[in-house]
Amino acid sequence: MNGKRHAIETDANKTLLWILRHKLGLTGAKPACERGDCGLCTILLDDEPVKSCLVLAVEANAHKITTIEGITKEGALSTIQTKFIEHGALQCGFCTPAAILVATALLKRSPSPTREQVVESVEGILCRCTGYRQIIDAILDASKINPH
Amino acid sequence: MLPKFDYFAPESLQETLSLLDKCGKDAKPLAGGTDLLVSLRGGQERAKHLIDLKRVKELQNLSFNEKAGLTVGACVTLNRLIHHDAVSKNYPILKEAANTIGDFQIRNRATLVGNICNASPAADTAPALLVLNATVNISTQDNTKKVPIHQFFTGVKKNILASNALTTSIDLPIPPQKSTSAYMKARRTMGEDLAVVGVGGLAAPNGDVGKEIRLAYASVAPTPVRVFEAEKVFTKDRPVDELVDEAIPIIMKTVSPITDVRAGKEYRANLVKVLTRRLVKQLWEAS
């Protein structure tokens with residue numbers, strides 16, 4: 001979990017989203033639709049974006065988990081986070097943790113993505129504020145800086 | 001909230017099948033969970049035991065060979081399938097169809113086998129598997145059997161699996177030489193959406209006369225359907241538009257679109273006609 005090991009006891013029917021928020025105090029991942037549509041619960045499981053409301057906590061056992069809280073290293077914003085601010089890619093901020101995480105995963109697997117690839121990566125995040133343009137621009141801009 | 005259940009994570013197929021045999025009706029296998037967890041939460045499905053398949057190594061198998069074709073194990077995710085070279089090269093329709101499901105996060109967890117076992121009439125991979133003549137491998141503790149995909153779906157969210165049976169993999173034969181295939185999905189939004197109508201097609205040369213055409217549909221009947229009867233029309237020696245004119249009434253007898261939250265039945269019926277013509281002509285010219 002963001003570079004640290006944890007041992008947690010949980011019921012089988014608790015989702016990864018639930019234990020992140022209620023057992024680990026990591027509230028960046030959001031419970032919104034809780035049926036796998038909105039994507040605001042997205043975290044990285046073994047560096048891959050997944051919706052944590054659809055993953056049982058037990059399924060995540062012995063896997064690498066990255067949440068938004070793990071993106072900021074010692075108080076320093078990542079390139080993607082900085083670009084989000086520069087481009088105004090957040091308003092209410094509710095989808096932002098998820099958007100930052102999918103962007104981080106995208107630039108890791110495709111360091112120079114096309115606009116189409118960026119669009120595909122955020123298709124699974126429901127943003128009601130920005131209309132996505134600023135989010136896409138921010139991610140493309142971040143991709144031009146190496147390392148991200 | 002999810003209802004309470006036990007969780008098992010067997011490490012061998014034998015252990016899995018033995019568990020299924022014991023728990024049968026009260027158990028559900030768990031792969032990606034992108035349909036199951038939603039259904040459990042919503043009350044459409046019930047389970048006292050979940051059997052996580054992801055630690056069973058043979059269910060992770062994704063392999064291709066030039067003679068036998070493609071084998072896709074139960075736990076192979078859609079993203080793994082989509083990014084496999086042999087799939088892009090030999091089964092473009094399967095890659096296209098899988099790529100329209102959900103979104104990137106969903107495709108990191110959802111599986112091909114899960115898509116057909118969930119057996120939604122809207123299952124996007126089903127038209128692809130139907131035109132590719134896929135075979136479903138099913139095991140119980142005591143035996144295994146192979147079922148052609150067009151016999152697998154029995155109703156809305158119903159398949160032929162007994163409660164102690166597990167779909168272990170899907171086999172796809174090598175498509176005909178010089179064949180071309182594609183999937184068209186009409187939907188309300190390019191982001192995550194179920195098919196309003198989905199059409200999968202394959203075209204292959206048929207000597208000098210006409211072409212071999214295979215067509216299958218999602219979201220227009222209680223199950224995904226292949227239109228074997230209508231396909232026969234395309235081996236005749238006439239211009240493709242005329243052949244489509246002749247095939248459409250036969251297709252319309254096989255499908256039975258309904259009105260639901262996504263679209264009206266008249267619109268769906270019209271889409272079947274429009275997309276069939278568009279897809280057949282696209283494949284005809286390309287093959």
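1. How far apart do the C-alpha centres of domain 1 of chain A and domain 2 of chain A lie? They lie 18 Å apart, where domain 1 covers 16-70 and domain 2 covers 79-143, with bounds that come from an automatic or database domain assignment.

2. On the basis of this note: the model is predicted, and local features need pLDDT of at least 70, side-chain atom pairs count only at pLDDT 80 or more, while totals for chains, interfaces and linings use all residues. Residues are numbered from 1 along each chain as its sequence is written, and chains are lettered from A and ligands numbered from 1 in the order in which they are written.

3. Chain A has 5 helices and 3 strands, in the order α-β-β-β-α-α-α-α from the N terminus; helices (H or I, at least four residues) and strands (E, at least two) are DSSP runs, numbered from the N terminus. The radius of gyration of chain A is 15 Å, which agrees with the value near 15 Å that a compact globule of 148 residues would have; the radius is taken over C-alpha atoms, and the globule rule is 2.2 Å times the number of residues to the power 0.38. Along the principal axes, the C-alpha atoms of chain A fill a box of roughly 45 × 30 × 25 Å.

4. Of the 148 residues of chain A, 47% count as buried, a residue being buried if 20 or more other C-beta atoms lie within 10 Å of its own, exposed if 12 or fewer, and partly exposed in between, with C-beta atoms placed from the backbone. Among contacts in chain A with a separation of 6 or more, 58% are between residues 24 or more positions apart; two residues are in contact if their C-beta atoms, placed from the backbone, lie within 7 Å.

5. Between the two domains of chain A, 13 residues of domain 1 are in contact with 12 residues of domain 2. On the domain 1 side, strand E1 (42-45) and strand E2 (48-51) of chain A each supply at least two residues, and the largest share, 3 residues, comes from E1(A).

6. E1(A) and E2(A) run antiparallel and are joined by 4 bridges, strands being paired if DSSP finds at least two bridges between them. A:Val50 in E2(A) is the bridge partner of A:Ile43, and in the hairpin, which has 2 residues between the strands, A:Asp46 takes a positive phi near 50 degrees. In a regular strand the side chains alternate between the two faces of the sheet.

7. Leaving aside neighbours within four places in sequence, A:Ala103 is in contact with A:Ile80, A:Ser121, A:Ile139 and A:Ala142.

8. In chain B, the buried residues of helix H5 (residues 92-99) are B:Ile93, B:Leu94, B:Lys95, B:Ala97 and B:Ala98. Their cover includes helix H7 (112-118), helix H8 (125-131) and strand E12 (197-205) of chain B.
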